[in-house]
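Please keep the sequence and the model at hand while reading.

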Amino acid sequence: MSDKDVNALRAENSELRRLLVKNQWGGLTPLKSNGACPECAGSQPPLGGGHRPGCAVAAALAQT
Ligand SMILES: [Zn+2]
């Protein structure tokens with residue numbers, strides 16, 4: 001791949017990661033709930049326990 005392709009992929013990856021971070025607790029939640037992951041339904045820390053084991057969103061965000 002050319003440097004241009006790599007840079008384009010980096011930019012796309014960065015944008016997708018930004019959206020994932022922004023929306024990771026954007027799932028439907030009961031009233032008064034802090035937020036929940038739309039993928040695993042884990043609740044947002046520190047009130048909740050965070051993503052459940054095996055959550056694909058958590059796995060994607062863990063990638064460097
Ligand atoms: Zn999750």
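## Overall architecture

The protein has 2 helices and 0 strands, where helices (H or I, at least four residues) and strands (E, at least two) are DSSP runs numbered from the N terminus. Its radius of gyration is 15 Å, well over the 11 Å that the globule rule gives for 64 residues, so the protein is more spread out than a compact globule. The radius is taken over C-alpha atoms, and the globule rule is 2.2 Å times the number of residues to the power 0.38. Along the principal axes, the C-alpha atoms fill a box of roughly 50 × 20 × 15 Å.

This is a predicted model, in which local features need pLDDT of at least 70 and side-chain atom pairs count only at pLDDT 80 or more, while totals for chains, interfaces and linings use all residues. Residues are numbered from 1 along each chain as its sequence is written.

Of the 64 residues, 9% count as buried. A residue is buried if 20 or more other C-beta atoms lie within 10 Å of its own, exposed if 12 or fewer, and partly exposed in between, with C-beta atoms placed from the backbone. Two residues are in contact if their C-beta atoms, placed from the backbone, lie within 7 Å. Among contacts between residues at least 6 apart in sequence, 12% join residues at least 24 apart.

## Helix H1

Helix H1 covers residues 3–23 and includes Leu9. The expected span of a helix is 1.5 Å times one less than its number of residues. For the 21 residues of H1 this gives 30 Å, and the end C-alpha atoms are 30 Å apart, which agrees. The number of buried residues in H1 is 0, so the helix lies largely in the open.

Leu9 counts as exposed because it has 11 C-beta neighbours inside 10 Å. Arg17 is also found in H1; with 13 C-beta neighbours inside 10 Å, Arg17 counts as partly exposed.

## The loop between H1 and H2

Helix H2 spans 56–62, and Gly54 is placed in the loop between H1 and H2. Gly54 counts as exposed, since it has 9 C-beta neighbours inside 10 Å.

Glu39 lies in this loop as well. It is partly exposed, with 19 other C-beta atoms within 10 Å. Leaving aside neighbours within four places in sequence, Glu39 is in contact with Cys55, Ala56 and Val57.

Two backbone features of the loop deserve attention. Most residues other than glycine have a negative phi, and most peptide bonds are trans. Ala41, in the loop between H1 and H2, has a positive phi of about 65° although it is not a glycine. With 14 C-beta neighbours inside 10 Å, Ala41 counts as partly exposed. Pro46 is found in the loop too, and a cis peptide bond with omega of about 10° joins Pro45 and Pro46.

## Separations in sequence and in space

The table sets separation along the chain beside the distance between C-alpha atoms.

| Pair | Separation in sequence | C-alpha to C-alpha distance |
|---|---|---|
| Leu9 and Gln44 | 35 residues | 30 Å |
| Arg17 and Gln63 | 46 residues | 9.8 Å |
| Glu39 and Trp25 | 14 residues | 9.2 Å |
| Gly54 and Cys40 | 14 residues | 8.4 Å |

For Leu9 and Gln44, 35 residues apart, the distance is 30 Å.
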